[in-house]
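Have a go at each task before you read its solution.

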Amino acid sequence: MTMTDDQRLADQLRAVFDEHSAGVAPLVDRRAAVARRITRHKRVRTLSAMAALLVVVGSIAGVLGVRDHRAGPVLPAVTPSPTVSPGQLPKYQNGGILMASATIDASRQSSGSLTFTPESWDMIVGDSCAVIDSNMWLVAKVNGHSFSGSGCSPNGGGGTAGGSFGQHEQFWRNLGVELGAPSTITFQIGIQKTGQKDLTVKPRLSSGLVSVGVYSPVPFDQYPLDPKPSDWSPTDSTHFEVDPGMHQVGQVGELGKSDVEQGDLTVTLPKHLTILVRVNAPGIVTVFIDGTPVFDCGSYGWGMGCESGPVAVGTEQLAGLKTGQLATFSVQTEHFTEPNAVEVVVYGD
Amino acid sequence: MADRTGYDEFVVTRSPRLLRVAYLLTRDWGEAEDLLQTALMKAWFAWPRLDDAPEAYVRKIIATTFVSWRRRLWTREVTHGDLPDAAIADGTATVDERSRLWPALGRLPSRQRAVLVLRFFEDMTEAQVAETLGCSIGTVKSQTSKALAKLRADTAIGGPDVASAQVAFEGGVTA
């Protein structure tokens, strides 16, 4: 084959590609469709990951502090929360109990506010926006500081908008929150404005309900877990997509097949790490690097999981570690009632 | 809140071109739209880290997601029941050659198709294709060479070779 033949074929390919891809694509409101995907994905990530805590390496007290807090005030035994109406928040979600909330009728008002007095840095903000117009967004500010943005949909769902049970004092202080002093969450629904640095909306009314609320943590053994689904399988778990540039560094345990605590994983640390925890049952997973806890995943549903990253090795959250060094990952599990319920996959780049 | 300035504008201005890339890979407008939206969603989360090259990032997600989708499908691949007509050189006119190229492209393995789309539709260098697909330049060269050889054998463009046409078919199982 000569270069001329190759060139001729290449030219033919260019022409074929141009001709065929110039066909008429179906008309879709791509921005709205992508926004809905973002919202769904964000909910999946936050539903599981908000209960997770990435602890500074070298700070064992960080995790112990969280555990101490989880073991805090004993709450009365509770039963699983009933199904809530679209646009309202469940009493329990992601390891927390709803302490305060505000709901607006979106057909009458496009904004609302919630004032609360925090007594702990361990809190998450939940939101739900159930309106007919799925092009609309719900944005929230805490004490006037930009905080979150979530897409709306007719069924709304319920998700976590921000915060964690990880005692993120600085996170909240940056939003002007002080313990024992009132803080205010203001929220607005509308159509997203483009070209803005922060997510902002042009107010609009629609039919439905919108809620924002604050959750405080509940000790795991007193959290109202749902019963095991009748169609549950040992390999059921959340599917996560990691960044395409990340490759799998190693794995500990395998859902339904091998116990995560039976073996360690020693790897050369890459530049960035993503730790992915997949579980098939409720429980708490702690991932250690060289004996120090670095990732804490609390799962309160059947077949969920947590995703950590990506986090730069050697930076704040993984301080004390260096790219290129050998490190050993180990895993500890608590509260799981199923065998081989945890799988930890480490990704890096 | 993370800075996502420019994301909406990017979606509006660059989507048409990226959709064409996705279509050339998937050969189905519905799948292409799904693939593009998947990539745009991932880009939204990564946007604050993308600096000045968001299009390269999205194109990379499109290509790698397409290849990984196909890999998954590969495990339950369905083979053709009938052999295609053997390629015969008959001095076919250019238009006829193009009409044979399109179905032949559909019979290429996913990675080879991705290499050709990036090389000849996006006019990327071998190094850029390697970066996009996360493989070596040598792999890009070999995949390109194999893909072109299969297309020649399958379409008789650049000279017929019945023996290699058979090889091309066997390697061209579609997912």
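Before starting, one convention for helix packing: axes are lines fitted to C-alpha atoms, for helices over the stretch in contact, and angles run from 0 to 180 degrees between N-to-C directions. Keep in mind too that this is a predicted model.

**Exercise 1. A helix pair in chain B**

Task: work out at what angle H1 and H5 of chain B pack, and which residues make the contact.

Solution. Start by picking out the two helices: H1 of chain B covers residues 7–26, and H5 of chain B covers residues 110–121. Their axes are 9 Å apart and the angle is about 145 degrees. Next comes the handedness: H1(B) and H5(B) cross in a right-handed way. On the H1(B) side, the contact is made by B:Val21, B:Leu24 and B:Leu25. H5(B) brings B:Arg113, B:Ala114, B:Val117 and B:Phe121. Now sort these residues by type: 6 are nonpolar, none is polar and 1 is charged.

**Exercise 2. Two chains side by side**

Task: how many helices and strands does each chain have, and what percentage of its residues is buried?

Solution. Take chain B to begin with: it has 8 helices and 0 strands, so its pattern along the sequence reads α-α-α-α-α-α-α-α. Of its 175 residues, 43% are buried. Chain A has 4 helices and 20 strands, and 42% of its 349 residues count as buried. For sequence range, consider contacts with a separation of 6 or more. Residues 24 or more positions apart account for 64% of these contacts in chain B and for 79% of them in chain A.

**Exercise 3. Buried or exposed?**

Task: decide whether A:Ile289, B:Lys60 and A:Pro203 are buried or exposed.

Solution. You need the cut-offs: 20 or more other C-beta atoms within 10 Å makes a residue buried, while 12 or fewer makes it exposed.

- A:Ile289 sits in strand S15 (residues 283–289) of chain A. It has 23 other C-beta atoms within 10 Å, so it is buried. A:Val331 is 42 residues away in sequence, yet the C-alpha atoms of the pair are 8.9 Å apart.
- B:Lys60 belongs to helix H3 (residues 54–74) of chain B. B:Lys60 is buried because 22 other C-beta atoms lie within 10 Å.
- A:Pro203 is part of strand S10 (residues 201–203) of chain A. With 12 C-beta neighbours inside 10 Å, A:Pro203 counts as exposed. Not counting residues up to four places away in sequence, it touches A:Ser110, A:Ser111, A:Gln188 and A:Gly190.

**Exercise 4. Positive phi**

Solution. A:Asn143 is in the loop between strand S6 (136–142) and strand S7 (145–151) of chain A. Its phi is near 50 degrees, a positive value in a residue other than glycine. Since 16 other C-beta atoms lie within 10 Å, A:Asn143 is partly exposed.

B:Asp123 is in the loop between H5 and helix H6 (126–133) of chain B. Phi here is near 55 degrees, again positive in a residue other than glycine. B:Asp123 has 9 C-beta neighbours inside 10 Å and therefore counts as exposed.

Note on methods
Residues numbered from 1 in each chain as written. Chains lettered and ligands numbered in written order. Predicted model: local features only at pLDDT ≥ 70, side-chain atom pairs only at ≥ 80, totals over all residues. Left-handed = near helix turned anticlockwise from the far one by under 90°. Contact = placed C-beta atoms within 7 Å. Nonpolar A, V, L, I, M, F, W, Y, C, P; charged D, E, K, R; others polar.
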